Amino acid sequence: MIICKTDSEVELMRLSALLVSKTLTEVSKLIKPGITTISLDKMIGEFIKDHKAIPSFLNYSGYPFNSCISVNDVVVHGFPNKIELKENDIVSVDVGVILNGWHGDHAYTFAIGEPEKEIIQLIKVTKESLYKGIEQATVGKRVGDISFAIQEITEKKYGYGVVRELVGHGLGRNLHEDPQVPNYGKKGSGPLLKNGMVLAIEPMINLGTKNVFTEKDGWTVKTQDKKVSVHFEHDVCVRKNKADILSDYSSIEAAEKLNPYLFSNY
Ligand code: MF3
Ligand code: CO
């Protein structure tokens, strides 16, 4: 069942989404070679609690950390750990909060140092594909229109691997609500989009093969060919002529530009 949100509920969800954006902005300021992902995770947990919210991933189906930090060939659900980040690492940071009972869930991928040209392009195109998907999130379209738009640019135009096993989702009082939002699909297929639906749209795009596997820890998803994977996620409300993006990359991108250890010239 897909739950449409009222205008006032959407405004509460915007606050949740923006708290995630703020948290990712802090990450964008701090991330650099030598820092461990577990220290970023601790900061993320404290920042969320300082803002009267709950880190929603912690204990979700037994997930043991505040955030997912996925480096290089880790696609998503990477465990924060004691390994120091280094030059050329590609780091996806995925954060979820519950604020006033409403979920925010979004993600950003950072590049430390100067990535290779083909990786710069992968990051740029994955972010672009997210916005192409968002363009379709209007009343009267279908979920498949979002899926198709993402697949069209990433797989058809650039030949990247679109992960099949993991999908975007509805968002609200629960982290995962209907509908599922795949990053591949047919135009005009799937559930009809209605005013007030809130979706977490999250392309997970691989430089090489689309094939992935899950580590023995039950969470960490990696590419089968060990090539890099990129993940961006926004929380979006379906509206009549133009989707309303509840989360916000602008402060994350501003901090990324000011951070001398991050690549930002996409
Ligand atoms: N953005 C991810 C998702 O929608 C994060 C979930 S991690 C989990 O599935 F630990 F909470 F499962
Ligand atoms: Co999500």
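Visitor: How many bridges join β6 to strand β10?

Guide: In this predicted model, β10 covers residues 204–206 and runs antiparallel to β6. The number of bridges joining β6 to β10 is two.

Visitor: Which strands stand at the edges of the open sheet that has β6 in it?

Guide: The sheet has three strands in the order β6-β10-β13, with antiparallel pairing. β6 (161–162) and β13 (229–231) each have a single partner strand, so one side of each is left without a neighbour in the sheet. The edge strands are therefore β6 and β13.

Visitor: What is the bridge partner of valine 198 in β14?

Guide: Valine 198 belongs to strand β9 (residues 198–201), where Val198 and Ala200 point one way and Leu199 and Ile201 the other way. β9 pairs with strand β14 (residues 234–237) in the antiparallel sense over four bridges. In that pairing the partner of valine 198 is cysteine 237.

Visitor: Which residue of β9 is the bridge partner of histidine 169?

Guide: Strand β7 (residues 168–170) also pairs with β9, in the antiparallel sense and over two bridges. Val198, Leu199, Ala200 and Ile201 of β9 are all buried. The bridge partner of histidine 169 in β9 is alanine 200.

Visitor: How many of the five residues of strand β2 are buried?

Guide: Strand β2 spans residues 67–71 and is mostly covered. Five bridges join β2 to strand β4 (residues 90–99), and the two run antiparallel. Within that pairing, cysteine 68 has aspartate 94 of β4 as its bridge partner. Of the five residues of β2, the number buried is four.

Visitor: Is serine 92 buried or exposed?

Guide: Serine 92 has its place in strand β4. Leaving aside neighbours within four places in sequence, serine 92 is in contact with Cys68, Ile69, Ser70, Tyr108, Thr109 and His231. Its relative accessibility is 1%, and because the cut-off for buried is under 20%, serine 92 counts as buried.

Visitor: What is the relative direction of helices α3 and α4, roughly parallel or roughly antiparallel?

Guide: The axes of α3 (residues 117–135) and α4 (residues 143–157) come within 8 Å and cross at roughly 155 degrees. Angles over 145 degrees count as roughly antiparallel. That makes the relation of α3 to α4 roughly antiparallel.

Visitor: How do the residues of the contact of α3 with α4 divide into nonpolar, polar and charged?

Guide: α3 passes α4 in a right-handed crossing. On the α3 side the contact is made by Val125, Glu128, Ser129, Lys132 and Gly133, and on the α4 side by Ile146, Ala149, Ile150, Ile153 and Thr154. These residues divide into five nonpolar, three polar and two charged.

Visitor: Which form does the peptide bond from aspartate 178 to proline 179 take, cis or trans?

Guide: Most peptide bonds are trans. Proline 179 lies in strand β8 (residues 177–181). The bond from aspartate 178 to proline 179 has omega near 0 degrees, and its form is cis.

Visitor: What is the phi of asparagine 59?

Guide: Most residues other than glycine have a negative phi. Asparagine 59 lies in the loop between β1 (54–55) and β2, and at 61% relative accessibility it counts as exposed. Although asparagine 59 is not a glycine, its phi is positive, at about 75 degrees.

Visitor: Where is histidine 77, a residue other than glycine with a positive phi?

Guide: Phi of histidine 77 is near 60 degrees. Histidine 77 has a relative accessible area of 23% and is partly exposed. Its place is in the loop between β3 (74–76) and β4.

Visitor: What distance separates the C-alpha atoms of isoleucine 245 and tryptophan 219?

Guide: Isoleucine 245 lies in strand β15 (residues 244–245) and counts as partly exposed at 28% relative accessibility. Leaving aside neighbours within four places in sequence, isoleucine 245 is in contact with Arg14, Tyr131, Ile134, His234, Asp235 and Val236. Tryptophan 219 is 26 residues apart from isoleucine 245 along the chain, and their C-alpha atoms are separated by 28 Å.

Terms used: Residues numbered from 1 in each chain as written. Chains lettered and ligands numbered in written order. Predicted model: local features only at pLDDT ≥ 70, side-chain atom pairs only at ≥ 80, totals over all residues. Heavy atoms only, no water. Axes fitted to C-alpha atoms, helices over the stretch in contact; angles between N-to-C directions. Parallel < 35°, antiparallel > 145°, perpendicular 65-115°, else oblique. Left-handed = near helix turned anticlockwise from the far one by under 90°. Contact = heavy atoms within 4.5 Å. Nonpolar A, V, L, I, M, F, W, Y, C, P; charged D, E, K, R; others polar. Buried < 20%, exposed > 50% of the residue type's maximum accessible area, 1.4 Å probe, protein only. Pairing = 2+ DSSP bridges.
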